[in-house]
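Open the model in your viewer and keep the selection tool at hand. The tour goes from one selection to the next.

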Amino acid sequence: MSLQASVQEEILERLGNVGVTARQAVESILSGRHRSVHRGLSVEFAGHRPYQPGDDLRHLDWKVFARTDRYDVRVYEEETRLRATIVVDCSGSMEYSSGGMTKLRYARMLAAALGFLMVRQKDAVGMVLCDTEIREHLLPSSRMSNLWAMLDHLESAKPGGETSLADVLDTLADRCARHGLIIIITDAFDEVDRLVQSLKHLRFRKQEIRLYQICDPHEETFPFGGMVEFVGMENEPRLRMDGDRIRSVYQEALAEHRRQLAEGCHDVGVQFEPCRTDDDLAMVLIRTLSHLAVGGQRR
Amino acid sequence: MIELLNLSMLGGLAAISAPVIIHFMHRRRIKPVTWAAMQFLRAMPAKSRRRLFLDEWLLLLIRSLILACIAIALLRPAYFASSAGNAGRVERQGRTGAVLLVDDSVSTSSGRGRSAIESMKQLATSYLDTLSTGDEVSLIRTSQLGKATADPIFDLEAARRSVEAIESTEVESDVPGLLSAGLDQMARHVNPGIELVLIHDGRKEGWKVDDEQQWKSLRAEIESDPEAPIGTRRRPRVVMLSPEPRPEANIAVSRIRLDRALIPEDLPIEIDVSLVHYGESDPEEALLRLFVDGRSVEERPVTIEAGETSRETFTYTFEEAGSHVIEAVIEGARDSLAADDRRALSVEVTKSLPVLLVEGATGKGFEGSLGYVAASLDPGGDGRGLFRLDRTTIGRLDDVDFRDFRVMILGDVPALDASTVAKLERFVMMGGGVLVGLGPATQPLLANRDWARGSEGFLPATLGRRRVPPGSLLPAEARVGHYGMQAFEDQATNVWSEAKIDAYYRLDTTGLLGSEVVSLLSLTNGDPVIVERARGRGRVILVTTTLDAKWSDLPFVSAFVPLIRGLTAYLGSVVLPPRNMRPGDRITYCPSDLESREVVLCEDPKGNPIVLEQGYWEDYPARISEPLASAGIYRVRDASGKNRVYYAVNPRRNESRLTVLSNEDLRKTLANVPLVSLQQSDEVIDVLGQTKRPSRELWPLLLMLAVGLLFVESLMTSRQSRRELRASASQTPESGGAA
């Protein structure tokens with residue numbers, strides 16, 4: 001099953017089933033959060049939508065209110081166009097799976113779902129596939145054809161290479177000339193300090209950032225007993241260890257890494273979303289987007 | 001120094017390797033896992049992996065140490081302090097296992113006033129006082145040698161009671177036997193320190209000083225490891241406790257001897273009683289009383305010089321055939337050992353002795369090969385004398401039941417068939433007597449092949465060539481002190497001077513003469529004419545010439561009749577089963593078939609009943625007692641009282657000597673074995689009394705250490721488990737998402 005089909009079937013249909021609330025949440029998040037910096041220059045009327053708290057009262061269409069007694073706001077083409085770039089980590093470590101879905105496949109589906117949602121909201125979505133460097137870079141566009149191309153690239157992406165997300169983000173920061181949204185989907189198995197530094201760099205370039213850290217369940221539970229030879233997926237030297245003995249230490253190290261990453265993201269204003277490959281993707285989206293809605297409005 | 005006391009558990013040390021083996025087996029089962037989050041594992045050596053490594057090896061070390069402690073504790077290591085202590089003082093090493101070897105032989109009852117056994121018991125009690133709780137004691141007595149010994153006991157009070165209960169017995173002393181039993185008993189002790197405590201009366205008798213081979217073997221066993229510390233299992237300490245021996249005056253009845261082996265009824269016999277004064281004091285005056293069948297028959301005062309032997313002769317006539325007992329008792333002497341003041345002799349009075357004469361050539365009267373022999377034994381020819389004769393030939397031997405006769409005389413018999421030879425050998429082995437006379441008909445080849453069979457047959461020696469000396473030879477020398485030749489002992493003149501031997505067979509007695517074969521009469525040239533050899537329970541006497549007048553003039557000399565009668569009586573005097581015994585022997589009574597179905601009663605010297613069990617003696621139904629502990633006269637009778645048999649049990653004569661054991665004797669016996677010799681109770685306490693123990697066993701410490709290590713291991717393991725539990729709890733999906 002193609003990525004498009006699976007995303008449509010598994011995610012969007014299910015999001016449909018979640019109900020209006022979720023849809024509204026998504027839509028409201030996207031619409032209320034990103035105001036155009038080019039207000040007044042391109043004012044092509046695009047339609048109405050229900051008023052959401054946070055909307056500028058100047059855009060409230062009082063005529064409609066007078067006719068229908070509903071609070072609708074006017075929506076203009078330029079105002080709702082969000083320029084989002086989804087960065088998908090395709091390094092070797094993303095290929096890990098403990099039996100179910102690989103982290104990379106989970107990342108693809110998450111990226112595809114977000115892409116669908118945003119294009120449907122007439123936002124521009126671009127994509128970056130990377131490992132140690134940028135492998136593919138699609139500039140943001142709200143056209144459907146761009147989304148199909150993005151899905152094609154996602155589907156053909158092969159994992160490999162080492163993780164060097166910080167370098168990629170630095171490069172991306174240099175290329176971003178306008179305000180936008182950067183959605184990073186990675187396992188973040190990188191140096192936290194460097195990664196945070198790169199995120200800071202992006203934030204400095206006026207980019208909103210959401211970081212999805214994807215983990216496999218085994219990477220958290222570390223269910224290995226006895227002597228185990230760990231074979232790295234990014235050409236690391238092999239390590240022989242007693243799984244029982246190192247489990248607690250490993251878990252402490254992972255928790256520490258995640259805590260540092262969360263704190264770093266918080267410090268630079270990056271939304272940090274940890275998730276596991278066995279998490280329901282729809283629920284992750286709902287939870288994340290709801291969170292974004294609250295956070296966005298507060299911001 | 002530290003010594004391991006239980007080396008049999010040495011294999012337990014292999015258990016130490018178990019955790020290591022399990023560890024490495026565990027490590028060997030390595031599973032490859034493709035893994036993404038390598039950065040956390042790579043980072044581990046820098047901070048936590050080292051700790052893990054240390055924890056892991058520390059746990060392994062602790063677990064191995066726990067097993068090592070237990071394994072070493074099972075080896076029972078003991079710390080022995082240096083034995084350099086007070087001069088003369090014995091420092092024991094660890095808990096002591098004491099094997100008390102008590103000589104309770106007859107000589108220990110000696111002593112005027114306080115007996116030796118009382119002093120020995122006091123020394124033994126003092127020794128027990130030097131032991132402390134945890135020490136163990138075994139008790140072995142001379143009278144119990146050969147019986148199962150009891151296990152060592154830790155109850156010192158019970159040991160004291162056992163020592164107090166010891167009494168002198170009638171058994172013979174056997175110090176090597178005691179030490180040997182003590183060495184065997186050592187293995188049943190568990191304490192590390194071993195002491196062989198020989199408690200004896202300081203007398204030389206029973207030490208068997210001249211038995212060098214046995215003492216050499218004993219020394220080697222005691223000093224199995226000369227490098228080991230004294231007082232350990234491999235080199236037990238030998239402690240000798242004996243009261244200070246004093247020369248004692250002791251008068252003993254050393255022997256009762258009759259003037260003949262075969263005692264006929266109604267004929268006076270002489271009873272010689274030998275008395276010995278073992279001592280260096282003044283002459284002793286005493287009263288010697290003679291008892292027959294428990295009745296005093298005569299008494300007379302005697303005076304015995306110190307160090308001398310006195311012989312008193314009594315004459316007595318037994319009026320009734322059967323079993324009788326003669327007892328000589330000394331009364332009124334200043335004597336230190338009462339046990340040897342009486343001695344008994346069981347005798348069998350014979351009414352008639354059945355003798356079978358087997359002749360090579362038959363005849364009547366003086367004719368025939370044994371005509372002169374028959375005339376000598378039964379001059380009247382009416383069978384009323386002591387000897388009841390039955391003359392036969394070889395051809396009729398098959399019809400003869402040998403068990404009807406006690407003596408068999410073969411005269412110039414040419415050959416015997418194999419079955420007769422077998423019967424004859426069986427007859428001798430069962431106590432019968434055989435007198436063999438050679439002659440012209442004798443076939444030496446056949447005799448050597450069938451009768452002598454090397455030295456395995458009944459013939460005392462192999463026949464050599466027949467010798468016909470150029471001139472006649474005379475018998476020259478008769479053996480003195482032999483019952484068969486007793487008639488010639490007191491003869492002033494040479495009774496053999498008239499006898500001429502014209503022909504005889506030389507004997508091949510190489511290696512046998514003097515030991516097994518005894519020459520009773522020899523010729524002037526030294527060749528034996530009459531020899532004797534004991535075979536089984538019987539005796540065989542061989543006359544190398546004829547018993548008739550063919551080759552010699554012997555039948556015509558006056559000595560011939562007493563010679564033949566003496567030899568025949570001697571051959572027929574064997575009484576079986578034996579009735580003169582020593583303490584430790586068993587009464588064996590062979591009743592007739594009829595009697596065997598009746599109740600048989602047995603009484604000890606004090607009149608107490610003794611149980612006789614059913615059994616067999618040489619294929620005959622018999623009643624057999626337990627080993628006899630006391631000396632004296634035992635009586636066995638059937639329920640009717642008609643049949644009565646006396647058994648005399650006497651202690652060995654050498655127990656009466658009371659010779660003081662000298663340092664030279666000790667040097668010859670125990671030689672270089674380190675010996676702690678003590679004679680006084682105070683000395684025992686001074687030398688062996690322990691104020692403190694310089695040595696101790698280490699196993700309790702090791703077990704405590706093992707418990708401590710186990711506690712540490714449990715702490716480490718539980719801490720690690722808690723950490724893992726906490727970590728896994730924190731990684732549940734819900735909490736993982738929150739993280």
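UniProt positions are given in the numbering used here, feature names are shortened, and annotations may be inferred rather than shown by experiment. This is a predicted model, in which local features need pLDDT of at least 70 and side-chain atom pairs count only at pLDDT 80 or more, while totals for chains, interfaces and linings use all residues. Residues are numbered from 1 along each chain as its sequence is written, chains are lettered from A and ligands numbered from 1 in the order in which they are written, and side-chain values use heavy atoms, with hydrogens and water left out.

Select residues 6-25 and 57-79 of chain B, where an unreviewed UniProt entry places the feature "transmembrane region". Helices (H or I, at least four residues) and strands (E, at least two) are DSSP runs, numbered from the N terminus. Residues 6-25 of chain B are 45% helix and 0% strand, with end C-alpha atoms 32 Å apart. For residues 57-79 of chain B the figures are 78% helix, 13% strand and 31 Å.

Next, select Leu7(B), in the loop between strand 1 (2-4) and helix 1 (17-28) of chain B.

Now find the open sheet of three strands, ordered 9(A)-8(A)-2(B), with mixed pairing; two strands pair if DSSP finds at least two bridges between them. Which strands stand at the edges? They are strand 9 (239-242) of chain A and strand 2 (31-35) of chain B; each has a single partner strand, so one side of each is left without a neighbour in the sheet.

Finish on strand 8 (residues 227-232) of chain A, which pairs with strand 9 of chain A in the antiparallel sense over four bridges. Val228(A) has Met241(A), in strand 9 of chain A, as its bridge partner.
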